[in-house]
Amino acid sequence: MKRAIIFIILIIGITFFWSCKDNNINDNNIDNKQLDSKEENIVDKSTKEENEDKLQKNIEEMSLNEKIGQMLIVGFDGQNINENIKSLILDNHVGGVIFFSNNVESLEGVINLTNEFKKINTSNKFPLFIAVDEEGGSVSRTPNEFLAIPSAQYIGAFDDENINYNIGKIIADELKQQGYNMDFAPSLDILSNPYNTVIGDRSYGETSDIVSRLGIKTMEGIRDSSIVSVIKHFPGHGDTDVDSHYGLPLVEKSLAELKELELIPFENAIKAGADAIMISHILLTKIDSENPATMSKEVITNVLRENMEFDGVVITDDMTMGAIIENYDIGEASVKSINAGADIILVCHGYENELNVINSIKNAVKNNIISEERINESVYRILKLKEKYKITNENIEINTDVSNINKRIENIFD
């Protein structure tokens, strides 16, 4: 009996000893993990601070002309670099160029042209955004060597997030092989007005749910393949019956009404990490009865920046569209847009328009209409985005595997 009691006591003692030892090991592991986590956070914070210091130093060393140049993306004529666009890069230090169908003749031609832009830009301190509108469907600038990608409306009918993510990656891979680094896509407009002529099949659907889910997946596919995705057209172009290419659309909805529909996809995209947003030329009469969204501080700063907490890059829609040039002076409109909170002014057509905008911004700073501090805020966001995507002036080799891309397009819905 005594032996049995001693044996039981011995077993309990051994169990207690190993239990304590295991707890000590686990505690040590937890402590080590917490220490590792803290060290990683310190490193991340240190790297972030170093990058911020570097960006601030870059801005301090820039001339005003260089800063203003970074705030423009401009278009050009033809399939060759002419003296006008060359001057805009070399003399005015523009931060980016945009391609349209009339600039695209063949795959080899596009690659040669993007490479030439990068070569010319090597005299500047920062690489160019080389942008394009590539949504698929009716808005496509890819050369004929690539198969067509279906419209958003057609894709939306499948309601498959994986399809949209893969399409985003296909689009991005196409663009990378041509030398682009920015895509004005996808459209997050909800097709809520049957008389809409500018959005139409560019929308994924008629509800905020389907546009949010599919649009964000497309955005993520583009982004995950290292192309800057610019979602558009904030605050939503779906409930308009005027095409802003030709006139100024009016939307008579309150902010509360917009929050119930149009703003939902953008809010969700911001939460999903949207890097850049395009502002549309829409006059929201119940929010700002005087200025279209592109020029409205109420829309850009109060609603988008403060209310929706977006701190990425804000880009205007093309300032040479009818909604602007038929109603405003393009230079004055651009100045107003910057004061409203826009970071990049998009001027797609006309060398005189591009010079007008540049000179108007310079004069506005000179006359204290725009503060240099306001300019610096935008330049910081722009350089931060270029740094994030590791944009460079590095050339693209002409060895594009078109067949692989086309095979992926053929198998989109398999």
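Eight strands form an open sheet in this predicted model, arranged in the order β9-β7-β5-β4-β3-β2-β1-β10 with parallel pairing. Strands β9 and β10 (345-347) stand at the edges with a single partner strand each, so one side of each is left without a neighbour in the sheet. The chain as a whole contains 15 helices and ten strands, and buried residues account for 52% of its 414 residues. Among contacts between residues at least 6 apart in sequence, 80% join residues that are at least 24 apart.

- Strand β7 (residues 276-279) pairs with β9 in the parallel sense, and four bridges connect the two strands.

- Strand β5 (residues 228-234) runs parallel to β7, to which three bridges join it, and V230 has A276 as its bridge partner in β7.
- Strand β3 (residues 129-132) and strand β4 (residues 182-183) run parallel and are joined by two bridges, with A131 standing opposite M182 in β4.
- Helix α13 (residues 351-366) packs on the sheet, where it touches β1 (72-74) and β10, and the direction of this helix makes about 170° with that of β1.

**Packing of α10 against α12**

- Two packed helices are described by the angle between their axes together with the distance between those axes.
- For helix α10 (residues 297-307) and helix α12 (residues 330-340), the packing angle is about 20° and the axes lie 8 Å apart.
- Because angles under 35 degrees count as roughly parallel, α10 is described as roughly parallel to α12.
- The crossing of α10 and α12 is right-handed.
- On the α10 side the contact is made by K297, I300 and T301, and on the α12 side by S337, N339 and A340.
- The residues of this contact of α10 with α12 divide into two nonpolar, three polar and one charged.

**E397 in the loop between α14 and α15**

- E397 lies in the loop that runs between α14 (372-388) and α15 (402-410).
- The relative accessibility of E397 is 59%, and E397 therefore counts as exposed, since the cut-off for an exposed residue is over 50%.
- Although E397 and G179 are 218 residues apart along the chain, their C-alpha atoms are separated by 9.1 Å.

Technical notes
Residues are numbered from 1 along each chain as its sequence is written. This is a predicted model: local features need pLDDT of at least 70, side-chain atom pairs count only at pLDDT 80 or more; totals for chains, interfaces and linings use all residues. Side-chain values use heavy atoms; hydrogens and water are left out. Two strands pair if DSSP finds at least two bridges between them. Buried means under 20% relative accessible area, exposed over 50%, partly exposed in between (1.4 Å probe, protein chains only). Axes are lines fitted to C-alpha atoms, for helices over the stretch in contact, and angles run from 0 to 180 degrees between N-to-C directions. Angles under 35 degrees count as roughly parallel, over 145 as roughly antiparallel, 65 to 115 as roughly perpendicular and the rest as oblique. A crossing is left-handed if the near helix is turned anticlockwise from the far one by less than a right angle, and right-handed if clockwise. Contact means heavy atoms within 4.5 Å. Ala, Val, Leu, Ile, Met, Phe, Trp, Tyr, Cys and Pro count as nonpolar, Asp, Glu, Lys and Arg as charged, and the others, Gly among them, as polar.
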